[in-house]
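Visitor: Please give me a close look at one part of this model, after a short account of the whole. I would like each term to come with its cut-offs.

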Amino acid sequence: MNELFRPQSEGLSAWPRPKLDKPFKLTICVTQTCSMDCQLCYADCKNDPTQELSTAQWKQFIDELVDDNFLHIFFEGGEPFDRPDFEELLAHVNRRLYVAIRTHAIGIDSERAQRLKNMGVGRLYVDLFSAEPDVQDDLTGTPGSYKRAVSGIENALAAGIKVTILGILSRRNHENLQAYINLAEELGADQVGVLRLYPLGRAKQNWSELSLSVDQMMTALNGLRVPETVQLVQSWHPKDGNCCWQNAAVSPTGQSIGCPYLREYVDFGNITEKPFLDTWAHPLYQQLRDSDVEETCTECSATQGTLGGCRSTAYAFHGRFTASDPYCIHNNQGVDLHDLPERLLRKDT
Ligand code: SF4
Ligand code: SF4
């Protein structure tokens, strides 16, 4: 047996993790709309806000989180700033929770950046798919989006807001990844995230043009030179963590979904019908938090203190939440990541 992966039944255990009675951080996918048309949009955003929770409902939910002593809200979408009341919601948080936002940043002018700083926004996570303007504009389906995103990043940094630039590793950027890391340094971002591609939303529909093999991904990652001023965040072996034990997310319509990357696979109940913490008690949610996995990579477990890698991609490719994560180089089990299971392309997955 390969010493780098073991069935969990052999008694392999991660560092003892606290059994949480609630998550530290909760992601609010505040809208399903976005003005861009990205080929790899996991939310499959359109410009139809029908069914989204109202301003009053989100405010009520934010108050519930404060009352329950949550610490951190992460807003994403869709594009949060495309929701007309988004700054009103941020003002409602009123520094009672740490706030981070995932955005395409094209709407962050210097006045907005200063308002965000004044409202206590701690960090922006900016989706920028490439260091090449043409590639970015093509992937977003929006001419000029690269220039405007870079301008948004510069405005945020000038206002004193920390910025992480987030890239999704794909066929469109893997040969030029060093330039992407260098761009983070040039812009003054202190963090750069290189993230895996998930078969969700439009990325699923465009999978054959975007997906890489595990070997191609490792080749792109292994040769990187990371400047001292920049922290590289990535999620491949040996940094493959199963973070389901602490994660929480709510969809634009109020469904508790555990994590944005589980958005197409789970539904733990709607926060307009029950308190969030009741959805946290859902049996499948508990199973995911218990890290019930069939096999785990010992090296990833040792570095991350968790078992089994990402549960979203394990489920996507194997149809079981307990299965191996095929993005782990030692635990891929012969899965060809170019080939998407047929079932994922059906509406009822
Ligand atoms: S910017 Fe983000 S939310 Fe908007 S279409 Fe692209 S991936 Fe989707
Ligand atoms: S689905 Fe993956 S990214 Fe999401 S919480 Fe679970 S392990 Fe983390």
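Guide: The chain has 13 helices and 10 strands (DSSP runs, H or I of at least four residues for helices and E of at least two for strands, numbered from the N terminus). Its radius of gyration is 20 Å, close to the 20 Å that the globule rule gives for 349 residues, so the chain is as compact as a globular protein of that length. That radius is taken over C-alpha atoms, and the rule is 2.2 Å times the number of residues to the power 0.38. This is a predicted model, in which local features need pLDDT of at least 70 and side-chain atom pairs count only at pLDDT 80 or more, while totals for chains, interfaces and linings use all residues. Residues are numbered from 1 along each chain as its sequence is written, and chains are lettered from A and ligands numbered from 1 in the order in which they are written.

Along the principal axes, the C-alpha atoms occupy a box of roughly 60 × 45 × 40 Å. Of the 349 residues, 46% are buried; a residue is buried if 20 or more other C-beta atoms lie within 10 Å of its own, exposed if 12 or fewer, and partly exposed in between, with C-beta atoms placed from the backbone. Taking contacts between residues at least 6 apart in sequence, 73% link residues at least 24 apart, where contact is C-beta atoms, placed from the backbone, within 7 Å.

The part to look at is the shell of ligand 1. Around this ligand are C34, M36, C38, C41, A43, C45, G77, G78, E79, H104, D127 and T140 (a residue is near a molecule if its C-beta atom, placed from the backbone, lies within 6 Å of it). By class, six of these residues are nonpolar, four polar and two charged. Ala, Val, Leu, Ile, Met, Phe, Trp, Tyr, Cys and Pro count as nonpolar, Asp, Glu, Lys and Arg as charged, and the others, Gly among them, as polar.

Two backbone details belong here. Within the shell, G77 and G78 are joined by a cis peptide bond, with omega near 5 degrees. G78 is in the loop between strand 3 (72-76) and helix 2 (86-93). The other detail concerns D44, a residue other than glycine whose phi is positive, near 50 degrees. D44 sits in the loop between strand 2 (25-29) and helix 1 (55-67) and, with 17 C-beta neighbours inside 10 Å, is partly exposed. For context, most residues other than glycine have a negative phi, and most peptide bonds are trans.

A131 lies in the loop between strand 5 (121-127) and helix 4 (133-140). A131 counts as buried because it has 22 C-beta neighbours inside 10 Å. Beyond its neighbours within four places in sequence, A131 contacts N176, A179, Y180 and L183. L177 is 46 residues from A131 along the chain, and their C-alpha atoms are 8.1 Å apart.

Helix 4 in turn packs against helix 5 (residues 145-158), the two axes coming within 7 Å and crossing at roughly 105 degrees. Axes are lines fitted to C-alpha atoms, for helices over the stretch in contact, and angles run from 0 to 180 degrees between N-to-C directions. The two helices are therefore roughly perpendicular; angles under 35 degrees count as roughly parallel, over 145 as roughly antiparallel, 65 to 115 as roughly perpendicular and the rest as oblique. P133, Q136, D137 and T140 of helix 4 meet S145, Y146 and K147 of helix 5. The residues of this contact divide into two nonpolar, three polar and two charged.

For reference, ligand 2 has a shell of N242, C243, C244, N247, C259, Y261, L262, C310, R311 and S312, divided into six nonpolar, three polar and one charged. L288, in helix 11 (residues 283-289), touches C244 and R311, among others. L288 and C244 are 44 residues apart in sequence, with 6.0 Å between their C-alpha atoms. L288 is buried, with 25 other C-beta atoms within 10 Å.

How values were computed:
Two residues are in contact if their C-beta atoms, placed from the backbone, lie within 7 Å.
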